[in-house]
Amino acid sequence: MTARVDSARRMSVEIARLDDSQVRDLVDSAETVGVGIGGTTKTVHVAGTPVFVKQLPITRSEETDPFATDNRAGLPFVCHYGIGSPSCGVGREVAAHQLTSEWVESGEVDFFPLLLGSRIVDLKPDVDLSEFDGDGPPQQWGTSWPQVERRLAEMKTARSSMVLFLEHVPETLGSALRRSLAEGSGESVFTDTVAQIIAATAWMEKQGFHHFDVHPGNILIHEGRLLFTDFGLSLHHRFDLTTEEASSLTTHPGFDRDTALMHLFHWVLYELGYTSGPRRLALLRAAATDPAAPELVPVRAGLGDTGVDLIAADASVVVRMTERFAVLMKDAFGGRYVAGSSRS
């Protein structure tokens, strides 16, 4: 970890030397990795070293104080459930990266990527809001749709960007899982992943930090260690929170752990050939009822006995969360989450 921190500090110095026009040119010429709801992810070289760049839209209402951590858009709490939701503010994402990087630099933990610097540039960001097209979103969001719609409109017309320079870690957990299953090391990688997720989400919760969007696409992997990233929906007790957001820090025990396991189990089963959601759910229900269910026999070929035992141990949690998220997708669940128990 010391090598990571030392390298990050050297890169931070190099980035700080760039003036705004150099940063703009750098971002403008960077290779785009992906475009999503939150903005654009790119790769660029600084002093010969690869760096991740995350370009976030600064909306008109955020221009006066882009680093503020309040819910300026007035988005409903349900947006934190990660069901195709816009983020509540660029300032929160910056603050989350600063906070998590401080934890890594101080040696407390090693499961976050390091922030190398941030800069506001006069550059319009790209965002992909196509999933909000058509008649579905207004029905899904119900009475909350006007606030969501305003936020989307502001993101589309944003004139400037918050640019985050991040430690370059190119492999996601999703791709690592796919590779391990193909190479025959799925059991050890899956087992280690479950252990790291449970430990990391428990630690985050103790710090009053909730990620709210933990899935294999939002987890990087560096030398076997999981690095949790993409904090567009996250909350921390030091943010300027709404009443409902503040209360969620105590009313959502285990939420990150439970949803992370839900996404992980579905992700792995999909890679094992269970491409149908109902088929995966049927298997998980069988596992929750009987750890030795015959439906699990084909899964052992990819995950081994230990991996299947882990799936059976938390299958009931994953079934419960899958069913609740199905409700969320239909009517936004009224912004409520009912906590349940999980193996710790």
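Modeller: This is a predicted model.

Colleague: Which residues of α7 and α9 make the contact?

Modeller: From α7 come Phe190, Thr193, Val194, Ile197, Ile198, Thr201 and Glu205. From α9 come Phe255, Asp256, Arg257, Ala260, Leu261, Leu264, Phe265 and Val268. By class, this contact has 10 nonpolar, 2 polar and 3 charged residues. The crossing of α7 past α9 is right-handed.

Colleague: What makes α6 and α7 roughly antiparallel?

Modeller: Helix α6 (residues 173–183) packs on α7 at an angle of about 150°, and the axes are 8 Å apart. The cut-off is again over 145 degrees, so α6 and α7 count as roughly antiparallel. The contact is made by Leu173, Leu177, Ser180 and Leu181 of α6 with Gly186, Val189 and Thr193 of α7. The contact of α6 with α7 has 4 nonpolar, 3 polar and no charged residues.

Colleague: Why is α6 described as oblique to α9?

Modeller: The axes of α6 and α9 cross at roughly 40° and come within 10 Å. Roughly parallel needs an angle under 35 degrees and roughly perpendicular needs 65 to 115, so the pair is oblique. On the α6 side, the contact is made by Leu173, Gly174, Leu177, Arg178 and Leu181. On the α9 side are Leu264, Trp267, Val268 and Glu271. The residues of this contact divide into 6 nonpolar, 1 polar and 2 charged. α6 passes α9 in a right-handed crossing.

Colleague: Now the open spaces. How much space lies in the largest pocket, and which residues are closest to its centre?

Modeller: The largest pocket holds about 980 Å³ of space. Of the 38 residues lining this pocket, Thr41, Lys54, Gly217, Asn218 and Asp230 are the closest to its centre. β1 (31–35), β2 (40–46), β3, α3, β5 (160–167) and α9 each give at least two residues to the lining.

Colleague: How do the residues of that lining divide by class?

Modeller: The lining of the largest pocket has 13 nonpolar, 20 polar and 5 charged residues.

Colleague: Which element gives the largest share of the lining of the second largest pocket?

Modeller: The largest share comes from α1, with 5 residues. The second largest pocket has a volume of about 170 Å³. Its lining consists of Ala3, Arg4, Ser7, Ala8, Met11, Thr49, Pro50, Leu116, Glu167, His168, Val169 and His222. α1 (2–16) and β3 are the elements that give two or more residues to it. The lining of the second largest pocket divides into 6 nonpolar, 4 polar and 2 charged residues.

Colleague: What makes a space a cavity and not a pocket?

Modeller: In a cavity a 1.4 Å probe fits but cannot get out, whereas a pocket is open. The structure holds 3 cavities of 30 Å³ or more. The largest cavity has a volume of about 50 Å³.

Colleague: Which residues line the largest cavity?

Modeller: Its lining is made of Gly38, Leu56, Pro57, Ser87, Val90, Glu93, Arg151 and Met155. At least two of the lining residues come from each of β3 (49–58), α3 (90–105) and α5 (145–156).

Colleague: How do you know that the lining of the largest cavity has 2 charged residues?

Modeller: Asp, Glu, Lys and Arg count as charged, so Glu93 and Arg151 belong to that class. The lining of the largest cavity divides into 4 nonpolar, 2 polar and 2 charged residues.

Terms used: Residues are numbered from 1 along each chain as its sequence is written. This is a predicted model: local features need pLDDT of at least 70, side-chain atom pairs count only at pLDDT 80 or more; totals for chains, interfaces and linings use all residues. Side-chain values use heavy atoms; hydrogens and water are left out. On a 1 Å grid over the protein atoms alone, a cavity is a set of points where a 1.4 Å probe fits but cannot get out, and a pocket is an open set with protein on both sides within 12 Å along at least five of seven lines; lining residues have an atom within 4 Å of a point. Grid points are joined across faces, edges and corners, and a volume is the space filled by probe spheres set on the points. Helices (H or I, at least four residues) and strands (E, at least two) are DSSP runs, numbered from the N terminus. A crossing is left-handed if the near helix is turned anticlockwise from the far one by less than a right angle, and right-handed if clockwise. Contact means heavy atoms within 4.5 Å. Axes are lines fitted to C-alpha atoms, for helices over the stretch in contact, and angles run from 0 to 180 degrees between N-to-C directions.
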